[in-house]
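User: I would like to go through this model with you, beginning with a salt bridge. Could you take the questions as they come?

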Amino acid sequence: MSLLSTKELVFLILQFLDEEKYNDTLHQLEKESGLFFNLGYFTKTVMDGEWEEVEKYLSGFTKESDNWFLLELSVEIQRQKYLEALEKESERLFRHLDTKSARACLLLHLKRLIEANPHFQDRLHFPSIKNSSLSKLFYQSLICKNVNSNPDMRTLSVYHKCRPPNAVRAVSPVTNWLMGSIPQLGHFSTSHFRVHKPQLWLICPLCSTATYLVQCACLTQSTQVIRMIYTNSGGAILALTFDAVHKLWKWPRSKQNPTGKATTSMLPQLWLPSSRKSMTNEISESNPEDALPCFALSKTDSYLISTSGGKISVFNMMTFKTMTTIKELPPAATVLAFHPQNVNIIAMGMDDSSIQIYDIMFDWIYSKLEGHHKRVTGLAFSNALNILVSSGADAQLCVWRTDKWEKQSSKFLQMPNGRVLSPLAQTCVQFHQDQIHLLAVNETQLAIFEAPKLENLEQWVPRESSGSVTDAAYSCNGQSIFASLEDGTVCVLASATLGLRCRIDPTAYLPCNPRYRVYPLVIASHPSEPNQFALGLTDGGVFVLEPLESAGDWGVVPQLDNGAEPSDQHSCT
């Protein structure tokens with residue numbers, strides 16, 4: 001005997017309550033069961049300003065593990081409640097306190113957040129059920145003359161004629177009649193890779209002794225990688241290429257990889273949604289070669305803001321659909337960052353050397369910050385200090401208070417002897433996990449500062465033979481810094497002193513005899529694995545590197561089976 005599931009019975013009851021207009025009971029059951037999120041009812045409560053009911057209803061569909069998602073929703077709802085409680089004291093407030101318009105704007109944003117959250121993916125659509133199904137099935141049970149004392153519950157969903165006594169019952173196979181087919185959420189593909197090595201996935205490099213030290217994974221495609229990050233979950237790598245297309249490689253969960261986190265021990269897959277459409281930016285029509293593509297990912301990995309010199313797009317990371325666009329402002333945006341306490345607020349560094357603080361929800365600019373002399377190329381928020389640090393092509397760092405958006409301090413990087421910055425050189429910044437120490441990077445150096453006064457603590461300059469610094473990033477635990485150089489070398493530095501822990505020779509991950517010069521343009525650190533990082537190369541390749549498990553941390557040289565240490569030609573030095 002196969003029992004009808006509780007889920008199916010609940011949907012029948014929900015349909016009955018809706019048809020009979022038992023609305024209070026209907027919405028209470030929706031919330032308590034958590035099976036169906038009624039967007040129609042949610043829309044009505046938001047537009048009516050029933051904020052307590054809005055929050056109670058949402059609580060039935062979320063869990064404690066959804067803290068960040070709940071915080072995003074709560075912040076937006078509380079803001080609207082606050083705005084509606086304010087008196088209309090100024091022209092600006094009056095413009096934003098048009099209650100009906102503001103609630104409609106809020107509703108649109110809340111819907112986007114909900115639709116982008118994977119937890120709601122199968123809860124937003126009610127299954128197709130014939131009208132009055134529960135009533136008809138109940139009526140059938142009353143009029144049936146030959147009741148089976150041990151019924152097959154699968155036939156409850158099938159309107160049937162009473163079978164004659166002693167007849168042999170033939171039960172046809174019944175699929176999941178209530179829920180229908182499950183939509184395909186995404187498509188994994190590896191056919192977009194351009195393989196320039198014998199295998200798409202490489203455990204170890206091709207050259208001799210480095211085999212004992214480095215595990216590397218090769219994800220190759222044809223277009224130069226301009227920007228690259230890990231998703232905050234640690235299960236995927238997102239790259240923006242020179243032709244304005246985003247690539248997302250995901251590591252699927254398996255017995256070998258139960259966490260679904262990025263690893264060099266198994267193959268990731270290039271992921272697309274069921275539409276098979278990529279996230280693609282508009283390219284600036286004027287001087288596209290001078291554009292500085294950039295993006296930022298929300299903490300929940302729900303949506304992405306990105307630009308390649310044209311309009312700024314906001315993408316849904318589940319569907320890759322464009323949620324909204326921010327009008328092309330010339331000047332173009334050159335760096336983007338989410339506010340750590342309000343995901344609707346973004347800081348936009350601009351090509352004209354200004355910084356604009358923009359509210360996505362209300363589509364207006366809070367503040368315009370001016371202090372740089374060239375384009376802004378780096379932005380980093382410190383939640384602990386309530387400051388924003390910006391950096392520019394002028395090699396200047398500026399500290400801004402986020403409560404009043406006022407400049408607090410500034411400092412220029414000290415250029416090493418004999419080194420001169422190129423005209424469009426980027427200076428990038430990243431906070432240590434303590435939110436106080438700040439890493440500044442440009443082509444000439446790495447430097448550590450203490451915020452907010454910007455006291456210069458350490459400086460590291462690569463040897464001349466290695467060429468310029470191309471990028472650098474803190475490890476997730478803040479103990480190391482990974483720096484990529486123009487000759488293909490990757491240096492692992494101690495973050496406290498900038499002392500060299502390990503130098504990874506390019507032959508540890510590149511072909512021994514490349515046909516043309518290839519080197520890393522961007523580097524990204526895994527958000528929870530302190531020894532793993534990824535390199536985005538000039539030829540479009542993406543490599544994930546980590547030490548062998550037997551080696552432990554970077555800088556620890558493992559012993560070979562015969563007790564000897566491996567050669568340092570392709571290893572840590």
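User: To start, is Lys44 buried, partly exposed or exposed?

Analyst: Lys44 is partly exposed, with a relative accessibility of 49%. Buried means under 20% relative accessible area, exposed over 50%, and partly exposed in between, with a 1.4 Å probe and protein chains only. This is a predicted model, in which local features need pLDDT of at least 70 and side-chain atom pairs count only at pLDDT 80 or more, while totals for chains, interfaces and linings use all residues. Residues are numbered from 1 along each chain as its sequence is written, and side-chain values use heavy atoms, with hydrogens and water left out.

User: Which residue does Lys44 form a salt bridge with?

Analyst: The partner of Lys44 is Asp48, and their closest N and O atoms are 2.9 Å apart. A salt bridge here is a side-chain nitrogen of Lys or Arg within 4 Å of a carboxyl oxygen of Asp or Glu. Asp48 is partly exposed as well, at 40% relative accessible area.

User: How many salt bridges are there in the whole structure?

Analyst: The search finds six. One of them joins Lys56 and Glu52, at 3.3 Å from N to O. These two residues are four apart in helix α4, so about one helical turn separates them. Lys56 is partly exposed at 42%, whereas Glu52 is exposed at 57%. Another pairs Arg401 with Asp403, the closest N and O atoms being 2.7 Å apart. Arg401 is partly exposed at 29%, and Asp403 is exposed at 51%.

User: Let us turn to α3. Which of its residues are buried?

Analyst: Helix α3 covers residues 39-47, and Tyr41, Phe42, Thr45 and Val46 are buried in it. Viewed down the helix axis, the buried residues of α3 fall within an arc of 135 degrees, so they line one face of the helix. The arc is that of the directions from the helix axis to the C-beta atoms. Helices (H or I, at least four residues) and strands (E, at least two) are DSSP runs, numbered from the N terminus.

User: What covers those buried residues of α3?

Analyst: The cover includes α2 (23-33), α4 (51-59) and α7 (99-116).

User: How do α3 and α7 pack?

Analyst: Two packed helices are described by the angle between their axes and the distance between the axes. For α3 and α7 the angle is about 145 degrees and the axes are 9 Å apart. Axes are lines fitted to C-alpha atoms, for helices over the stretch in contact, and angles run from 0 to 180 degrees between N-to-C directions. On the α3 side, Leu39, Phe42, Thr43, Val46 and Met47 take part, and they meet residues of α7 that include Leu107, Leu110 and Ile114. Contact means heavy atoms within 4.5 Å.

User: And what is found at the ends of α3?

Analyst: Asn38 caps the N-terminal end, with a side-chain oxygen 3.1 Å from the backbone nitrogen of Gly40. After the helix comes Gly49, whose phi is positive, near 70 degrees.

User: Changing topic, where is Thr489, and what does it touch?

Analyst: Thr489 lies in the loop between β24 (480-485) and β25 (490-494). With a relative accessibility of 4%, Thr489 counts as buried. Leaving aside neighbours within four places in sequence, Thr489 is in contact with Ala483, Ser484, Arg503, Ile504 and Pro506. Thr489 and Asp505 are 16 residues apart in sequence, and their C-alpha atoms are 5.0 Å apart in space.

User: Which residues does the cis peptide bond join?

Analyst: A cis peptide bond joins Ala451 and Pro452, with omega about 10 degrees. Pro452 sits in the loop between β21 (445-450) and β22 (455-460). Leu454 is in the loop between β21 and β22 too. Leu454 has a positive phi of about 60 degrees although it is not a glycine, and it is buried at 0% relative accessibility.

User: What is the phi of Asp301, and where is that residue found?

Analyst: Phi of Asp301 is near 60 degrees, a positive value in a residue other than glycine. Asp301 is in the loop between β7 (294-297) and β8 (303-307), and it is buried, at 17% relative accessible area.

User: Finally, how many helices and strands does the chain have?

Analyst: The chain has eight helices and 29 strands. Of its 573 residues, 51% count as buried.

Note on methods. A polar contact is a pair of N or O atoms within 3.5 Å; within protein, one must be able to donate a hydrogen and the other to accept it, and residues adjacent in sequence count only if both atoms are side-chain atoms.
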